[in-house]
Number of protein chains: 2
Amino acid sequence: MKIYRANILHTPTPDAFQVLERGYVIVSDEGRVERLCPTLPDDLRDVPVTDFGDRLLIPAMNDLHVHAPQYRNMSLAMDLELLPWLNTYTFPEERRFADITYAGHIYRRFVHELWMQGTMRSAVFATIHPEATLLLADLFTEAGLGAYVGLVGMDRNSPDYLSNTTEEVVEGTRRLVEHLRANPLVHPIITPRFVPSCSDTMLHRLGQLAEELQLPVQSHLSENMSEVEWVHSLCPDASSYGDAYYRHGLFGQTPTLMAHCCYTEGEELELMKRNGVYVVHCPMSNSNLSSGIAPVRTFMEQGMRVALGTDVSAGHNMSMLRVMQYAIQVSKLRYAESKGRCRFLSLSEVFYLATKGGGSFFGHVGSFEPGYDFDALVVDDSYLNFDNYTVEQRLERYIYLGDDRDIRVRFCAGRELPEPPLE
Amino acid sequence: MKIYRANILHTPTPDAFQVLERGYVIVSDEGRVERLCPTLPDDLRDVPVTDFGDRLLIPAMNDLHVHAPQYRNMSLAMDLELLPWLNTYTFPEERRFADITYAGHIYRRFVHELWMQGTMRSAVFATIHPEATLLLADLFTEAGLGAYVGLVGMDRNSPDYLSNTTEEVVEGTRRLVEHLRANPLVHPIITPRFVPSCSDTMLHRLGQLAEELQLPVQSHLSENMSEVEWVHSLCPDASSYGDAYYRHGLFGQTPTLMAHCCYTEGEELELMKRNGVYVVHCPMSNSNLSSGIAPVRTFMEQGMRVALGTDVSAGHNMSMLRVMQYAIQVSKLRYAESKGRCRFLSLSEVFYLATKGGGSFFGHVGSFEPGYDFDALVVDDSYLNFDNYTVEQRLERYIYLGDDRDIRVRFCAGRELPEPPLE
């Protein structure tokens, strides 16, 4: 058992922060929260307390959509829309991951950056290359970070240099499953790139594999108008872009993450709700690629599952603080555009999405309620706190102004994680 | 004479970066750029060279709209639209600047932060308090930073605790003018808060004062729909919000900055063009306060003068890097909304706005062309440059990912500025 003391904030529900000033969190030997206490309980007087003083203690960040092989392109080359952007900048970079040395060089930095930014869990796209994908999974394991790692499947409308066959992606995914069998924190996930990149045959086989091995699924949905129109012409029988996944068993038949959903409405939205498919909102990416603004407020009001993602490298920054901030800001621009008809997101709502909203995909993650994995960040915001701010104001200022410099300690599933090596 | 060597980038025109890899800049004893040279000229072989190695050397940042007394509220309290936001959060904070000790506490931090962020010139709103405004001007002078500093006038629709009379603002401005008479870098600027806060009498007297003393003017324009409608009802005779300034001599009769212009079009836009009024685009603020997106591409295509501003504390961050980034992103959202009818801003265009665009209000500032004041930043981006990026890519990554940590040296008008004291 461990006891930590600090200014504790979390969001068991989206509507408000729960704040415990200079409170205690009791963590079991299994790395789970036993309880939060405002004062030290009498029966625990003998357990040593790690006191973080006036620092903030918050649930760690969860990034539910990020492309590890695009790390080198982060903050570069955002002058095109999605489809030409993929062909011009992204596919040529992903090609380089056939080279395992290069993959190691970039993936080590990627995993290091997740650690640095306080992102303890992520759902990650690798590339079509099985060796590099196994390496990425190993790097997560070594770092002690939680992740879903996906070998990408793509066999149409893709360059020859970046295509695989249905057999290859099935075989590679089986290897990944085998490799991660006993892994407590790193798991495989079925990862068709997106409908335009995957033949019906590939989608169908991946849906079967998801069912057979009870694996979760991640992909992209309704990100950009040209993409949505393209899917309609590629799949004239599907009633929506989402249905083009659903008919192959890739849309909620097992737990499913769908990134973007900027243009999800009507039947597609109903299908997502019925199947409990997660919306992964990526506002930074949707701004950078001129995609648009997803109706997240509508999704939340309809009780849908919503998480946040950086979507690096269409997102330009791995910080989930920045993603929270963008989520609020684009919802305000949508509010302005609608002349105030829809509400915009609040700080506690986006904090919920970045912690418990996304964390729920990993189990009991993203909150300090009893039974939750102790994924936490200790934040030193003293340089920002020069005028008697409240603890909640301090968190707001940290989210908008702070960065990785301010994170002093990182816990994943109860374990304090040291800095992973860069080389 | 001084000679500096580094990877030099600037934007004499908005359409492209000029790049000089490992080039030289020759700076006169008066602190002005004499010329840029790819190699060291023979006649200067005897002048010692300060070599910044592989670092980047770029023009310093210029923030053309920022509220110094709102520094404490930065990154807080952005859950309301402009008008209730002013009454609820902003006016009560500005009231505190009647206390000169509090003003010193905050203004020192504000000036320190400008230095830290590499913003060498700014156009700043103080409050209605003359003593605190003089102090702010002195702090700029001590730091060696360039600024236009304005004593705010507001005498209607303002709380009793934050109102002044026409006589007080005229008298206070005259004191400021006298105080700054011999100052080479810090200057006074006529600063009516905005039309709803200023009676016709006050606006008229301030217009006269601007003409009499040939002082520039700064204020707010067409930021928010409710505000625009309010101005129409307050000034039924004015043909536009802009005309409500123009008829009093406050709209380009002397050099004029107008922040926001989210809803500027038609006659107001023509009036701005005819009078050479600057648009100060504040995209971070316009997102945070749900104001909307200014049509900056249109402004630039029409040959208007455009600068960028943080607008702290409606903007949540003093970094002009972040403002550049938001300027691109909101223009992309506008592009998406218009279904691609308007182009979005490029990186060289926003860099031009943050350097030469805003710098032009201060004279020859914001570029390394001959005769320009040497305002410059030396940037160490080595931690971002792990894979042979081009110099231009390095700058792009610095703008999106870098921060104040990376600035090694700051020059304003040729002088290397040491860190100003925080207390």
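Two strands pair if DSSP finds at least two bridges between them. With that rule in hand, the reader can go through this structure, which is a predicted model.

The first stop is strand S1 of chain B, residues 2-10, which pairs with strand S4 of chain B, residues 49-59. These two strands run in the parallel sense, and five bridges hold the pairing. One of the residues to look for is B:Arg5, whose bridge partner in S4(B) is B:Asp51.

In chain B, seven strands form an open sheet, and its order is S3-S2-S1-S4-S15-S16-S17. The pairing in this sheet is mixed. At the edges stand strand S3 (33-37) and strand S17 (415-416) of chain B. Each of these has a single partner strand, so one side of each is left without a neighbour in the sheet.

Strand S1 of chain A, residues 2-10, runs antiparallel to strand S2 of chain A, residues 18-27, and eight bridges join the two. Here A:Arg5 has A:Tyr24 in S2(A) as its bridge partner. S1(A) also pairs with strand S4 of chain A, residues 49-59, in the parallel sense and over five bridges. In that pairing, A:Asn7 has A:Leu56 in S4(A) as its bridge partner.

A further sheet in chain A has four strands, in the order S11-S12-S13-S14. This sheet is open, and its pairing is parallel. Its edge strands are S11 (217-221) and S14 (306-308) of chain A, each of which pairs on one side only. On average, and with direction ignored, neighbouring strands of this sheet are turned by 30° against each other. Within the sheet, strand S13 of chain A, residues 278-281, is joined to S14(A) by three bridges, and the two run parallel. A:His281 stands opposite A:Leu308 in S14(A).

The next topic is how chain A is divided. Domain 1 of chain A covers 2-59 + 366-416, and domain 2 covers 61-362. The C-alpha centres of these two domains of chain A lie 29 Å apart. Where the domains meet, 22 residues come from domain 1 of chain A and 25 residues from domain 2 of chain A. On the side of domain 1 of chain A that touches domain 2 of chain A, helix H13 (391-401) and strand S16 (407-412) of chain A are the elements that give two or more residues. By class, that side of domain 1 of chain A has ten nonpolar, five polar and seven charged residues.

Two single residues show how surroundings can be read. The place of A:Leu234 is in helix H6 of chain A, residues 225-234. A:Leu234 has 17 other C-beta atoms within 10 Å and is therefore partly exposed. Leaving aside neighbours within four places in sequence, A:Leu234 is in contact with A:Val195 and A:Pro196. A:Leu234 and A:Pro196 are 38 residues apart in sequence, while their C-alpha atoms are 7.2 Å apart in space.

The other residue, B:Thr254, is in the loop between helix H7 (241-246) and strand S12 (256-260) of chain B. B:Thr254 counts as partly exposed because there are 18 C-beta neighbours inside 10 Å. Apart from its neighbours within four places in sequence, B:Thr254 has contacts that include B:Ala210, B:Glu211 and B:Val217. B:Thr254 and B:Ser348 are 94 residues apart in sequence and 29 Å apart in space, C-alpha to C-alpha.

Last comes the relation between the chains. Two copies of a chain are related by a rotation about an axis and a shift along it. The same surface serves both copies, since 100% of the contact residues of chain B recur in chain A.

The contact takes 28 residues from chain B and 28 residues from chain A. On the side of chain B that touches chain A, helix H9 (283-288), helix H11 (320-337) and helix H13 (391-401) of chain B each supply at least two residues. H11(B) gives the most to this side, with six residues. By class, the side of chain B that touches chain A has nine nonpolar, eleven polar and eight charged residues.

Terms used:
Residues numbered from 1 in each chain as written. Chains lettered and ligands numbered in written order. Predicted model: local features only at pLDDT ≥ 70, side-chain atom pairs only at ≥ 80, totals over all residues. Contact = placed C-beta atoms within 7 Å. Nonpolar A, V, L, I, M, F, W, Y, C, P; charged D, E, K, R; others polar. Buried ≥ 20, exposed ≤ 12 C-beta atoms within 10 Å, placed from the backbone. Domains from an automatic or database assignment. Axes fitted to C-alpha atoms, helices over the stretch in contact; angles between N-to-C directions.
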